[in-house]
Amino acid sequence: MTARYHLILDPAHQDGLRELHARAQADPSGVAAKQFEAARIALSALREGREAEFAGERLGRSDNHPDLRDCAEIKIPVVEEFNRRGRPMGPSHRVSYREF
């Protein structure tokens, strides 16, 4: 059986997801629909403890940024992006989270 985690989302993020969902329903083939599906997949993966299935890493600390050593990220492909040589650049979106 897979571990289940309780996700706590900031109310502003919840509002943003509701707005994104409304835009996705208005245009099911648009970018908002792709972004909403990616968010749904990412949150489901975190809830089920499957973050290892996605590209990502633990975050760290540097002198130029806040200390994020207790945070991690997973990377989600939403939009295909290519560099100047035409090579894929990898997942276009990230979900950063903190475990506690």
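Let's start with charge. The protein chain has 16 positive and 16 negative charges, and their mean positions lie 4 Å apart. Lys and Arg count as positive, Asp and Glu as negative, with His and the chain ends not counted. Each charge is placed at NZ of Lys, CZ of Arg, CG of Asp or CD of Glu.

A word on the source. This is a predicted model: local features need pLDDT of at least 70, side-chain atom pairs count only at pLDDT 80 or more, and totals for chains, interfaces and linings use all residues. Numbering runs from 1 along each chain as its sequence is written, and side-chain values use heavy atoms, leaving out hydrogens and water.

Now the fold. Two helices and three strands, in the order α-α-β-β-β. These are DSSP runs: helices are H or I, at least four residues; strands are E, at least two; numbering goes from the N terminus. The C-alpha trace spans about 40 × 40 × 35 Å along its principal axes.

Next, burial. Of 100 residues, 21% count as buried, meaning under 20% relative accessible area with a 1.4 Å probe, protein chains only.

What makes up the largest nonpolar core? Ten residues: A38, A42, A45, L46, F54, A72, I74, I76, V78 and Y97. A nonpolar core joins buried Ala, Val, Leu, Ile, Met, Phe, Trp, Tyr and Cys through side-chain atoms within 4.5 Å. α2 (31–47) and β2 (71–76) each supply at least two of its residues. The largest share, four residues, comes from α2.

Last, Y97. Leaving aside residues up to four places away in sequence, Y97 touches L46, E51, D70, C71, A72, E73 and I74. Contact here means heavy atoms within 4.5 Å.

Terms used:
Buried means under 20% relative accessible area, exposed over 50%, partly exposed in between (1.4 Å probe, protein chains only).
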